[in-house]
Amino acid sequence: MSLYRGMDRAALDAAYNNSAAVADSTALLADFDARSARLRATRNQYLDLRYGPAERNRIDYFAADAPGPVLVFIHGGYWQMRRKENFSFVAEGPLAHGIHVALVGYTLAPEKPLAGIVDEVRTAIAWLAARVARFGGDAAHIYVSGWSAGGHLTAICLNQPAVKGGLAISGIFDLEPIRLCFLNDKLGLDAHEARRLSPLLHLPAASMPLSVACGGGELPELQRQSETFAMARDRAGLPGRLLRLPGHNHFTILEELARADGALTAALLELTAA
């Protein structure tokens, strides 16, 4: 039985199963962990800064060598896996250009519903805006980025007062297929919540610039999500652009932010220079 765009449940599950689609995803994630541990051991850092009462309401802040703009990075894992510590390595690229990086932790589903996760991330951004000057960050130049589920959270938090622009990487912007596949076993979205929390369905009248990136080797549904959202924003006259990165899958795309000369680092520098 067709559930979504001609796909039955099995096909839809496969269409959003990034780990199964990338044969070496386990090795790639292990490499992320190792590199992240090395960064935390060597960089100027403020770890586990608490912004709220829940156990995961913590931020790791990596300070650049001089005062500068701040990138708030939101990790992925379909809102139900992974943690901020897995992704410290992405700070390398921005730090090389004097951009401070704050990695946000949040409560995972099913312990917290998606609406509650959104609220936590918004609280984290506001907490940072009030305090980054203590660490050398410029509160007037805060940018938000995230990968996978973090791409969704980036888009939905772009309207926070402190945010000057965003970079959504391999994100989910329409939650209807998520509601209909295996990922909803823990998320528990109903049709109303899926619609309410889908950035694609709630384009604002005005917006800060948002770059939307996806890899050319990602699952077709992931590419479609980014392309559809970027085109909808463009039709609405909202600032930003679509970045297609050939040769990258759902995991290797993060190398373009972790590298000082990466394409996503360059996109971030464009945002901070605007």
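This is a predicted model: local features need pLDDT of at least 70, side-chain atom pairs count only at pLDDT 80 or more; totals for chains, interfaces and linings use all residues.
**View 1. Meet the largest nonpolar core.** This core has 61 residues, and Tyr16 and Trp79 touch the most other members. Helix α5 (residues 114-131) gives the most to this core, a share of nine residues. Look around tyrosine 16: leaving aside neighbours within four places in sequence, its contacts include Tyr78, Ile172, Phe182, Leu219 and Arg224. A second, separate core holds 33 residues, among them Phe32, Val101, Leu243 and Leu271.

**View 2. A look into the largest pocket.** Its volume is about 280 Å³. Of the 17 lining residues, Ala155, Ile156, Asn159, His202 and Pro204 are the closest to the pocket's centre. The elements giving two or more residues to the lining are α6 (149-156) and α10 (220-235). By class, the lining has 10 nonpolar, four polar and three charged residues.

**View 3. Tyrosine 61 beside phenylalanine 135.** The whole structure has 10 aromatic pairs. In this one, the ring centres of tyrosine 61 and phenylalanine 135 are 4.9 Å apart and the planes meet at 45 degrees, so the pair counts as tilted. Tyrosine 61 belongs to strand β2 (residues 58-62), while phenylalanine 135 sits in the loop between α5 and β5 (137-147), 74 residues apart. Both tyrosine 61 and phenylalanine 135 are buried.

**View 4. Phenylalanine 87 beside tryptophan 147.** Here the ring centres are 5.2 Å apart with planes at 45 degrees, so this pair is tilted. Phenylalanine 87 lies in the loop between β3 (68-74) and α4 (92-96) and tryptophan 147 in strand β5, so the pair ties together parts 60 residues apart in sequence. Phenylalanine 87 and tryptophan 147 are both buried.

Technical notes
Residues are numbered from 1 along each chain as its sequence is written. Side-chain values use heavy atoms; hydrogens and water are left out. A nonpolar core is a set of buried Ala, Val, Leu, Ile, Met, Phe, Trp, Tyr and Cys residues joined through side-chain atoms within 4.5 Å. Buried means under 20% relative accessible area, exposed over 50%, partly exposed in between (1.4 Å probe, protein chains only). Helices (H or I, at least four residues) and strands (E, at least two) are DSSP runs, numbered from the N terminus. Contact means heavy atoms within 4.5 Å. On a 1 Å grid over the protein atoms alone, a cavity is a set of points where a 1.4 Å probe fits but cannot get out, and a pocket is an open set with protein on both sides within 12 Å along at least five of seven lines; lining residues have an atom within 4 Å of a point. Grid points are joined across faces, edges and corners, and a volume is the space filled by probe spheres set on the points. Ala, Val, Leu, Ile, Met, Phe, Trp, Tyr, Cys and Pro count as nonpolar, Asp, Glu, Lys and Arg as charged, and the others, Gly among them, as polar. Rings of Phe, Tyr and Trp (its six-membered ring) pair if their centres lie within 6.5 Å; planes under 30 degrees apart count as stacked, over 60 as edge-to-face and the rest as tilted.
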